[in-house]
Amino acid sequence: MHVELHPRYSDNTEAKRAGELISACVHCGLCLATCPTYLDTGDERDSPRGRIYLLKQLLEEGEAGAVTRTHLDRCLSCRSCETACPSGMQYGKLADIGRGMLNIEAPRGPVERLFRFSLRQTLSRPALVAALLRTGQLFRPLLPPRLKRKIPLRQTPGAMPVSTQPRTMLALSGCVQSAATPLTHAAAARVLDRLGISLKIASEAGCCGAVNYHLGAHSDGLDNMRRNIDAWWPMIEAGAEAIISSATGCGSTLVEYGDLLQHDSVYAAKAKRVSALCRDIADVLVDEDLTLLNIERDIGRVAVHTPCSQQHALKQPDIVNTILRRAGFTLAKTRDDHLCCGSAGTYSILQRSRSERLRQRKLEALQVDNPALIVSANVGCQLHLDEESKIPVKHWIELLDPLTHQGH
Amino acid sequence: MPHPESVLLGLSKLNNILEVDPKARTARLQPGVTNLAISEAAAAHGLYYGPDPSSQIACSIGGNVAENSGGVHCLKYGLTVHNLLCVEMLTVEGERTTLGGGGLDSPGYDLMALVTGSEGLLGIVTEVTVKLLPCPEVARVVMAGFDSVRAAGDAVGAVIAAGIIPAGLEMMDALAIQAAEDFAQAGYPKEAQALLLCELDGTAEEVDQHVEAVTNIFNQHGASSLRVSSDDAERALLWKGRKSAFPAIGRLSADYYCMDGTIPRSQVSHVLEEISKLSAKYQLRCANVFHAGDGNLHPLIMFDSGDPQQLARAERFGADILELSVAVGGCITGEHGVGLEKLNQMPSQFSEAELHQFEDIKHAFDPALTLNPGKGIPILKRCQEYRALPRRHSHD
Ligand SMILES: Cc1cc2nc3c(=O)[nH]c(=O)nc-3n(C[C@H](O)[C@H](O)[C@H](O)COP(=O)(O)OP(=O)(O)OC[C@H]3O[C@@H](n4cnc5c(N)ncnc54)[C@H](O)[C@@H]3O)c2cc1C
Ligand code: SF4
Ligand code: SF4
């Protein structure tokens with residue numbers, strides 16, 4: 001599909017890139033049925049193809065209004081449409097550019113801007129997230145049930161391994177994960193320790209940049225990325241063999257550093273290296289012999305929720321199922337695996353009712369086979385599902401952690 | 001493409017499956033139910049809906065009725081028209097009518113067959129009752145690569161001549177193989193000039209026997225590679241590439257013009273050779289996907305709509321292919337209909353008397369030419385009577 005750029009954008013590199021991206025779409029419509037928001041509203045403008053057309057209109061007419069923004073805001077950035085698209089449309093990249101352009105072309109009102117600004121500023125700062133969460137957890141017993149469910153119980157991470165292993169890997173500690181589900185990182189460190197790998201954290205590293213970037217605040221997002229690169233660089237030079245993420249939402253952003261910083265003369269090469277080193281924890285474990293782990297396998301059927309970032313961005317739709325099956329767990333049948341749970345970064349805050357409808361659908365789809373528990377690979381999905389789920393929702397790595405099974 | 005002054009009726013939200021009756025093997029559907037959703041709902045009863053257009057994940061049963069859609073399985077299980085029991089339709093006056101009925105035949109003229117494939121010109125389909133088929137005990141796909149399109153074409157003829165009716169028999173040429181494989185990663189032989197996918201279904205013994213016969217035939221015709229699916233996941237993967245072949249062409253080119261002609265099976269090698277000459281003449285690449293079993297050819301002409309010259313060349317190239325289809329004894333549409341696009345070729349296919357008849361039918365249902373104005377039936381400039389029709393039915 002050809003885009004005739006409006007003369008206003010003739011020198012705009014972002015707009016040109018968007019035009020090139022759109023040229024991959026042949027408007028066949030095969031993506032519609034896999035788009036959670038189109039299934040929700042049945043409105044073409046809430047479908048991938050509809051959004052591509054809205055952005056094409058922006059690029060060709062040189063202007064766009066609140067309607068375009070509304071339909072783009074409703075997009076989860078789940079990228080289910082990319083997996084479905086035979087033509088190779090890179091919708092996620094287009095949506096990011098579109099959001100950035102709309103911040104300028106169709107600016108929001110002051111109240112909404114302030115809210116989004118505070119959200120970005122809070123969520124991308126691990127210390128602030130932790131402080132708020134601790135306060136919430138302190139007052140949790142006094143809160144009404146609806147609010148109570150929103151605040152996850154405080155986790156006990158358990159002792160970290162002390163020995164130094166021959167191999168080292170770096171870990172992205174993440175902003176929400178380090179505060180809300182510290183057990184995930186601790187479990188990952190213990191499992192890797194058993195396999196002869198030490199997991200290290202660079203204390204100056206912080207948010208991966210996804211929160212800012214996906215909300216259209218590109219320059220703040222890129223700053224987050226540069227800061228992380230600076231924090232990791234000495235350890236990479238000292239021989240760390242990989243950067244491990246145990247939240248696929250963050251991991252899928254790390255693998256894009258190289259692409260997003262390609263025009264930064266100072267950081268381009270380093271960013272590319274960081275992306276090449278980045279791996280999800282599942283990627284490390286999939287080839288290991290896990291039958292040797294001293295863990296409890298007889299825990300009932302496990303329903304695996306594969307986050308969108310894992311299936312559609314990292315393109316590893318079956319990896320957790322494979323690991324758990326090989327490790328000896330019994331998996332529950334699930335349906336509509338390709339559909340988003342509605343968490344989607346800040347979506348659960350900014351598009352609450354839509355997000356809750358998607359969660360309801362997802363919980364039903366995960367429980368068709370009466371599982372004993374649900375596991376996910378991303379902190380956002382885990383917390384979002386746990387808020388409403390009647391059965392426990394964990395990070396899958398906890399199942400492989402010997403310490404968790406000793407009642408810690 | 002709707003008429004610039006028309007009102008668009010979108011029926012995609014009428015997407016409820018009203019009833020699945022496993023005993024009668026039928027399903028009653030609102031018009032916006034997607035083709036794939038019917039089979040998904042029927043699966044719980046070990047049933048499925050036969051016609052499976054490649055667009056099945058997205059296209060609606062209402063659209064299927066309007067276009068009389070086929071699919072890779074129509075060779076054995078027929079087109080939409082062969083799988084319908086009853087169609088409820090709103091006439092242009094707003095009257096609700098039911099065509100067909102619960103049984104295989106109903107009294108009077110078979111108006112349901114007339115409406116099926118009428119491209120929305122005669123009424124608005126508001127409810128459809130379809131027949132469901134029992135899922136076969138076993139289904140397997142034989143995939144074979146060939147060094148030439150001619151060898152693959154001959155192999156197709158030999159399969160049919162051997163008295164085997166495959167559930168599906170599809171062919172792709174080198175460019176189509178490349179694009180489909182890039183997306184589906186199904187393991188298609190990328191070096192092959194032509195690929196055949198042949199599905200055989202039935203009881204286990206029957207399928208084993210047919211798989212062996214088809215494999216032998218493919219080998220005798222010089223297959224350069226051969227693979228037989230071992231389970232349903234592999235079978236689905238082999239079809240995935242074929243079913244995504246049209247949009248996958250988007251990986252090779254910014255735009256493509258999908259043609260849809262039907263030719264006698266014996267003419268396939270000749271037609272494909274002519275198409276490759278036309279491709280050289282118009283300097284545009286063309287991939288070919290072919291429902292080989294029933295002779296429905298889909299050449300996909302690649303062009304860049306940003307270049308007006310390429311667009312014009314693509315249109316002339318397409319028109320030449322349609323004329324070629326008619327010249328070899330075929331037809332200008334297999335399953336995508338006429339719409340606006342093929343109006344110019346209608347007079348090559350049909351005589352004036354036939355076109356006259358089409359107009360009369362349209363008049364009988366929709367005298368003011370309100371539904372899908374300007375589509376399906378050409379206004380013949382040389383015919384006084386047609387020129388006298390209201391301007392509304394014309395796009396210019
Ligand atoms: C990628 C791709 C692959 C395809 N593969 C195949 C294939 O393998 N086989 C095949 O046969 N076709 C194929 N097609 C063509 C198309 O998908 C079918 O013709 C399909 O039946 C159209 O259904 P739809 O719901 O998309 O209808 P639309 O495109 O929305 O409408 C098609 C026509 O039907 C009319 N119509 C729609 N609904 C109704 C109704 N309820 N009542 C009256 N008129 C109505 C419309 O006015 C329009 O003229 C393919 C198309 C694409 C894009
Ligand atoms: S599937 Fe791909 S090519 Fe088809 S409409 Fe969607 S984005 Fe466009
Ligand atoms: S990213 Fe997800 S929500 Fe957005 S258009 Fe694609 S499928 Fe729909």
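## Close-up views of a predicted two-chain model

Between chain A and chain B the count of salt bridges is zero. The model is predicted.

View 1. On the chain A side, helix 2 and helix 5 are the elements that give two or more residues. That side has 10 nonpolar residues, nine polar and one charged. In total, 20 residues of chain A and 18 residues of chain B take part in the contact. The two chains bury about 1,300 Å² between them. Carbon and sulfur atoms carry 62% of that area.

**View 2. Asp43(A) sits in a loop of chain A.** The loop runs between helix 2 and helix 3 (48-61). Is Asp43(A) buried or exposed? Its relative accessibility is 19%, so Asp43(A) counts as buried; the cut-off for buried is under 20%. Leaving out residues up to four places away in sequence, Asp43(A) touches Tyr38(A), His71(A) and Lys13(B). One of these partners, Lys13(B), belongs to chain B.

**View 3. Ser6(B) lies in the segment before strand 1 of chain B.** Strand 1 spans 17-21. Ser6(B) has 31% relative accessibility and therefore counts as partly exposed. A polar atom of the Ser6(B) side chain lies 2.7 Å from the backbone oxygen of His3(B).

**View 4. Domain 1 and domain 2 of chain A share an interface.** The domain assignment gives 7-107 for domain 1 and 302-406 for domain 2. Taken over C-alpha atoms, the domain centres are 27 Å apart. How many residues of each domain are in contact? Domain 1 brings 15 residues and domain 2 brings 16. The size of an interface is often given as the accessible area lost when the parts come together. Here the buried area is about 1,300 Å², with 56% from carbon and sulfur atoms. On the domain 1 side, Asp40(A), Arg74(A) and Leu76(A) lose the most area to domain 2. Together these residues make up 37% of what that side buries.

**View 5. Asp40(A) and Arg357(A) form a salt bridge.** Their side chains meet at 2.7 Å, N to O. Across the interface of domain 1 and domain 2 of chain A, the rule finds two salt bridges. Between these domains, four residue pairs are in polar contact, both residues at pLDDT 80 or more. Which helices of chain A each supply at least two residues to the domain 1 side? They are helix 2 (36-41) and helix 5 (80-84). Helix 2 gives the largest share of that side, five residues. By class, the domain 1 side divides into five nonpolar, five polar and five charged residues.

Notes. Residues are numbered from 1 along each chain as its sequence is written. Chains are lettered from A and ligands numbered from 1 in the order in which they are written. This is a predicted model: local features need pLDDT of at least 70, side-chain atom pairs count only at pLDDT 80 or more; totals for chains, interfaces and linings use all residues. Side-chain values use heavy atoms; hydrogens and water are left out. Domain bounds come from an automatic or database domain assignment. Contact means heavy atoms within 4.5 Å. Buried area is the accessible area (1.4 Å probe) that two parts lose on being put together, summed over both. A salt bridge is a side-chain nitrogen of Lys or Arg within 4 Å of a carboxyl oxygen of Asp or Glu. A polar contact is a pair of N or O atoms within 3.5 Å; within protein, one must be able to donate a hydrogen and the other to accept it, and residues adjacent in sequence count only if both atoms are side-chain atoms. Helices (H or I, at least four residues) and strands (E, at least two) are DSSP runs, numbered from the N terminus. Ala, Val, Leu, Ile, Met, Phe, Trp, Tyr, Cys and Pro count as nonpolar, Asp, Glu, Lys and Arg as charged, and the others, Gly among them, as polar. Buried means under 20% relative accessible area, exposed over 50%, partly exposed in between (1.4 Å probe, protein chains only).
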